[in-house]
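Biologist: I am new to this one. Can you walk me through how to read it?
Modeller: Gladly. Let us look at it together.

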Amino acid sequence: MKLRRKLLSAGFALGATALTLTTSTFAWYTSNTSVTTGNVSGVTSTEADTSSFYIAAAQLYDSANNYAVSTVGSYTNKATPVLTGTTDKVLTPVSYVDGTGATNKYLPLNGAEGASVTYGNYSANNIYEWVYRFRTGTAGTAVDLYFKDFNFTTTLSSDAETLYALAYGDGTGISGAGAYFADLAKAMKLTIVETPMSDASTLGSTATTSTYSLAAWASQADQNITSANAVGYYNTVLDTSIAKPASYDSEIAAAKTGTAIKLATIPADSGYVEVRFTLWLDGWDEYCYDICRFQEFELSFDVQKDTTNTGFCTAA
């Protein structure tokens, strides 16, 4: 395998049967003050009533307009997520560019020569992205939404291979020769874009974007990695001098315990808010070695009105 397939240009396959982000195994329900996600066979929904808040899933996206929502389903007690792009995805290490309008935000990092990095064209199939809209059951009351029982797990895929470091020491972050490994969660990010709506179908002009590191959900131990430096490893092996952008570190380190992180607020005046979720593999992350290949992930969480037992917090 050529080294150029490693690090920034590496990809890895995701087994559909291991994911909850597919339409066959990922569903939402409302039950008064919470919205729950889980396997259809494992959750019993209740009828929505006036004390509930409701959820609707985007059904179609406008690919010519940065995958804006073009059709949304009904607000009810459950909604099935529809991903942007296709459901047949292979995550690719990308760079997040906070743009607006037609500016693409997740750009793949191609092989580098010398001190420069070439960014590829945006593709919705490089990331996992979906959109929900929430509304209140009664008008005139703002509702803050929080995660509950947030769970992100990673596992080795069935076709996993043992990967061996081609360099170690000297700023590579790798402590010795031989096999090395790191949990995919350490290089994964979750970006949430909250956009208040002026009515049931019209987005407001101001959106709030927050990006969170999911490293706290790593469960598999590092092997032969001390202080991770994937860019240093890339430079050492290929004798290049690429550098991580100085302004790139802007994510919040999410934690399993601490102060609850607010997901979004349903505004009182309109009663509607749109929330876009994006799971992506950060090509500039210190842990984005080629060992991110051959891993699969699963995501599940509830959404609730209160701040207790959220499982998605700022560090205590």
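## Pocket, core and buried charges

Modeller: Start with a pocket. The second largest pocket has a volume of about 160 Å³. Keep in mind that this is a predicted model.

Biologist: How does one find such a space in general, and which residues line the second largest pocket?

Modeller: Rolling a probe the size of a water molecule over the atoms shows where empty space is left. Here the lining includes Leu156, Ala160, Glu161, Thr162, Leu163, Tyr180 and Phe181. Gln223, Ile291, Arg293, Phe294 and Gln295 also line this pocket.

Biologist: How many nonpolar, polar and charged residues are in that lining?

Modeller: The lining has 7 nonpolar, 3 polar and 2 charged residues.

Biologist: Let us step back. How many helices and strands does the chain have?

Modeller: There is 1 helix, and there are 17 strands. The chain has 316 residues, and 51% of them count as buried. Now take contacts between residues at least 6 apart in sequence: 77% of these join residues at least 24 apart.

Biologist: What should I look for in the interior?

Modeller: In soluble globular proteins, nonpolar side chains tend to be buried together. In this chain, the largest nonpolar core holds 75 residues. Phe134, Phe150, Phe152, Phe277, Leu279 and Phe312 touch the most other members. Strand β15, residues 272-281, gives the largest share of this core, with 6 residues. Another core, of 5 residues, lies apart from it; among them are Ala56, Tyr75, Met197 and Tyr272.

Biologist: Which residues does Phe150 contact, beyond its neighbours within four places in sequence?

Modeller: Phe150 is in contact with Leu190, Leu214, Trp217, Leu299, Ser300, Phe301, Thr310, Gly311 and Phe312.

Biologist: Now charged residues. Is Arg276 buried or exposed?

Modeller: The cut-off for buried is under 20% relative accessible area. Arg276 has 13%, so it is buried. Arg276 sits in strand β15. Its side chain reaches the backbone oxygen of Tyr67 at 2.7 Å.

Biologist: Where is Asp290, and why does it count as buried?

Modeller: Asp290 is in the loop between β15 and β16. It counts as buried because its relative accessibility is 1%. The side chains of Asp290 and Tyr180 are joined by a polar contact of 2.4 Å. Asp290 and Tyr164 are 126 residues apart along the chain, with their C-alpha atoms separated by 9.8 Å.

Biologist: What about Asp285 in terms of burial?

Modeller: Asp285 also lies in the loop between β15 and β16. At 6% relative accessibility, Asp285 counts as buried. A polar atom of its side chain lies 2.8 Å from the backbone nitrogen of Tyr287. Leaving out residues up to four places away in sequence, Asp285 touches Lys186, Ala187, Lys189 and Ala230.

Biologist: Last topic: backbone angles. What is the phi of Asp149?

Modeller: Asp149 has a positive phi of about 55°, although it is not a glycine. This residue is in strand β9, residues 143-156. Asp149 is partly exposed, with a relative accessible area of 44%.

Biologist: And where is Asp170 placed?

Modeller: Asp170 is in the loop between β9 and β10. Its phi is positive too, about 50°, and Asp170 is not a glycine. At 73% relative accessibility, Asp170 counts as exposed.

Methods
Residues numbered from 1 in each chain as written. Predicted model: local features only at pLDDT ≥ 70, side-chain atom pairs only at ≥ 80, totals over all residues. Heavy atoms only, no water. Core = buried A, V, L, I, M, F, W, Y, C linked by side-chain atoms within 4.5 Å. Buried < 20%, exposed > 50% of the residue type's maximum accessible area, 1.4 Å probe, protein only. Helix = DSSP H or I, 4+ residues; strand = E, 2+ residues; numbered from the N terminus. Contact = heavy atoms within 4.5 Å. 1 Å grid on protein atoms, 1.4 Å probe; cavity = no way out; pocket = protein on both sides within 12 Å on 5 of 7 lines; lining within 4 Å. Points joined across faces, edges and corners; volume = space filled by probe spheres on them. Nonpolar A, V, L, I, M, F, W, Y, C, P; charged D, E, K, R; others polar. Polar contact = N/O pair within 3.5 Å; in protein donor to acceptor, adjacent residues only side chain to side chain.
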